[in-house]
Amino acid sequence: MNKFTEQLSRNWIAAVWLIAGLALAVTAVVLVYNCDKCTPDDRLSLLVGYGTLILLFFLGLIVLVEIASGKIPLANLLSEVGPNGKTEAASLSRFQLLMFTFVIALSLFLVTVANKKFPDHLPPELLTLLGISASTYAVSKGIQVSSPGAQAQNGQSSGDLATSITQDQDGKITTTEHNRVTGQTKITVHDPKSGQTTSTIHNPTTVTTTTTVNPTPPKQA
Amino acid sequence: MDLLSKLATIAACALLGGLVGVVMFKMADGTVSLAGLLETKGPAGPPSFSPARLQMLIATVVVAAHYLHAVITNPVPGSLPGPPPAALAVLGGSHAVYAGSKAIDTFIQPILKGLRKRGDLP
């Protein structure tokens, strides 16, 4: 029922957009039709201009409304995604890149409105400003990705993880995983007869060995 | 044609202003999280306040505000003013300090920490 209501609501909103767009298009056609001084070429260029404006405006408006309503989530706009796939705290390099993008976009818009045309040339200092900002973001990302912690977490995919699987005469399967970066070794022994799996993790940094048995063997009387 | 350009200006103003407004509002109400913006995130240890980040934030805000002011009060309307070289130098220096600090936190601090643990360093 909820899905049906949601679908109905979306259709209703789409219908409103469509009607508003059509109303604007009809208004544009009436305006162009009533233009007495216009030549046929002028009328065509005006119609194309109005059509493009209406399409772009509604496209932008729909994206904006979806962002505002949360359907296009911005929650992680400033957050970095760590090497383990989890979202981390806000990133200052992303924040400053966003800020400069907004400032330069607004400036360009103000100048275009004042001049009624796009500026003929952009000052190289402006490009330097954006370049500094973007390269800081890139450097920050590079440092983050090449950090020892990130490499350790990506061990399996980057070839830092050595894995071997063996089976003995009793049918027990032994899997040994050694991470060359962290030095951690995990040995898993699975006994197909009893269904038990014993995992032993040896951590050389903290010099600890942890053994877990799954499922837990029954207690002897 | 005049009406079309006026309408295009209004539409662009509404969309750009709307986007900036929505992002700013979402930052203010916490949907776009700013938590940990001024904290180190290196593998050296738990997150802590970072002066390098603070100075970069201040430099960024100051240079951005200065440039926006220069555009608004531009004596030659219709041209985009270039930011002064001094502002670029300040911003570049600030960003270099930030990147250097991050590199030290990420690569040097863990090595020093390991050496201290082994007793090779006091």
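Student: What percentage of the 122 residues in chain B do buried residues make up?

Tutor: Keep in mind that we're looking at a predicted model. To count as buried, a residue needs 20 or more other C-beta atoms within 10 Å of its own. In chain B, which has 122 residues, the buried share comes to 18%.

Student: How many helices and how many strands are there in chain B?

Tutor: Walk along chain B from the N terminus and you read α-α-α. So by the DSSP runs, the tally for chain B is three helices and zero strands.

Student: Which element gives the most residues to the largest nonpolar core?

Tutor: That core has 23 residues, and A:F100, A:V103 and B:Y67 are among those touching the most other members. At least two residues each come from α3 (92-115) and α4 (124-145) of chain A, and from α2 (51-72) and α3 (85-118) of chain B. The top giver, with seven residues, is α3(A).

Student: On the side of chain A that touches chain B, how many residues are nonpolar, polar and charged?

Tutor: Start with the contacts: 51 residues of chain A meet 53 residues of chain B. On the chain A side, α3(A) brings the largest share, 17 residues. Sort that side by residue type and you get 37 nonpolar, 11 polar and three charged.

Conventions
Residues are numbered from 1 along each chain as its sequence is written. Chains are lettered from A and ligands numbered from 1 in the order in which they are written. This is a predicted model: local features need pLDDT of at least 70, side-chain atom pairs count only at pLDDT 80 or more; totals for chains, interfaces and linings use all residues. A nonpolar core is a set of buried Ala, Val, Leu, Ile, Met, Phe, Trp, Tyr and Cys residues joined through C-beta atoms within 7 Å. A residue is buried if 20 or more other C-beta atoms lie within 10 Å of its own, exposed if 12 or fewer, and partly exposed in between; C-beta atoms are placed from the backbone. Helices (H or I, at least four residues) and strands (E, at least two) are DSSP runs, numbered from the N terminus. Two residues are in contact if their C-beta atoms, placed from the backbone, lie within 7 Å. Ala, Val, Leu, Ile, Met, Phe, Trp, Tyr, Cys and Pro count as nonpolar, Asp, Glu, Lys and Arg as charged, and the others, Gly among them, as polar.
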